[in-house]
Each structure stands twice: as structure tokens, then as C-alpha cells.
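Me: I'm new to this one. Could you walk me through how to read it?

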Amino acid sequence: MFLLHEYDIFWTFLIITRFIPILAFSISGLLAPVSEGPEKLSGYESGIEPMGGAWVQFRIRYYMFALVFVIFDWETVFLYPWAMNFDVLGVSVFIEALVLVLI
């Protein structure tokens, strides 16, 4: 039977996690000094004038490394629990994992 009172801790945790960032940003907004000057409004907050243009070409290699890392990290997160319970789950889970890796 589905009983809602069993999830009271979950809902309490969810409500608390929603209010902590709101509270932190509110306190930060009240306590942080707001001072705008010519240095603050420049391209860099250090006050040093920027040299050159903002459009710099990056090599595609950096983006490819990042994408490969994300793909392998994602596969590890999903394949590790399957590997730990492989003897219990059986052949159907192996086929699903194989389809995931092939995709």
C-alpha cells in the first residue's frame, strides 16, 4: 500500500534543500557591499585594460577531450551498478548494457 507518511523525511529534506540556497543568496545580497566604479565596470575587475580581442580561436581538441570524458564518466555511472549485480540480474541486463555501450 502506498502511504504518504512514509515519505515525510523525503519531503522535509526537499523543502529544506530548496530554502537553503534562497536563504544564502538573500543573506549575501544584504551583506555584500555594492560599489561600482570605473575599475569595476572595466573588462577585468583588476583594473587592467584588456589587450586584444575577446574572440580567440580554441583548438577543437580541448572540446573533444571534454566530450570523451563526459561520455566515459556517464558510462561508468550507469555500468558500475550493473557490473556489481551482474550475477543476480542475468543475461537480459547484459544485453541492455551492451546496447547502451553501442549507442
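Reply: Start with exposure: buried means under 20% relative accessible area, exposed over 50%, and partly exposed in between (1.4 Å probe, protein chains only). I103 has 82% relative accessibility, so I103 counts as exposed. This is a predicted model, where local features need pLDDT of at least 70, side-chain atom pairs count only at pLDDT 80 or more, and totals for chains, interfaces and linings use all residues. Residues are numbered from 1 along each chain as its sequence is written, and side-chain values use heavy atoms, leaving out hydrogens and water.

Me: How far does α2 reach?

Reply: The expected span of a helix is 1.5 Å times one less than its number of residues. Helix α2, residues 60-84, has 25 residues and reaches 36 Å from first C-alpha to last, close to the expected 36 Å.

Me: And what about residues 12-32?

Reply: An unreviewed UniProt entry annotates them as "transmembrane region"; such annotations may be inferred rather than shown by experiment. In the model, that stretch is 95% helix and 0% strand, with its end C-alpha atoms 30 Å apart.

Me: Where does I103 lie?

Reply: In the segment after α4.

Conventions: Helices (H or I, at least four residues) and strands (E, at least two) are DSSP runs, numbered from the N terminus.
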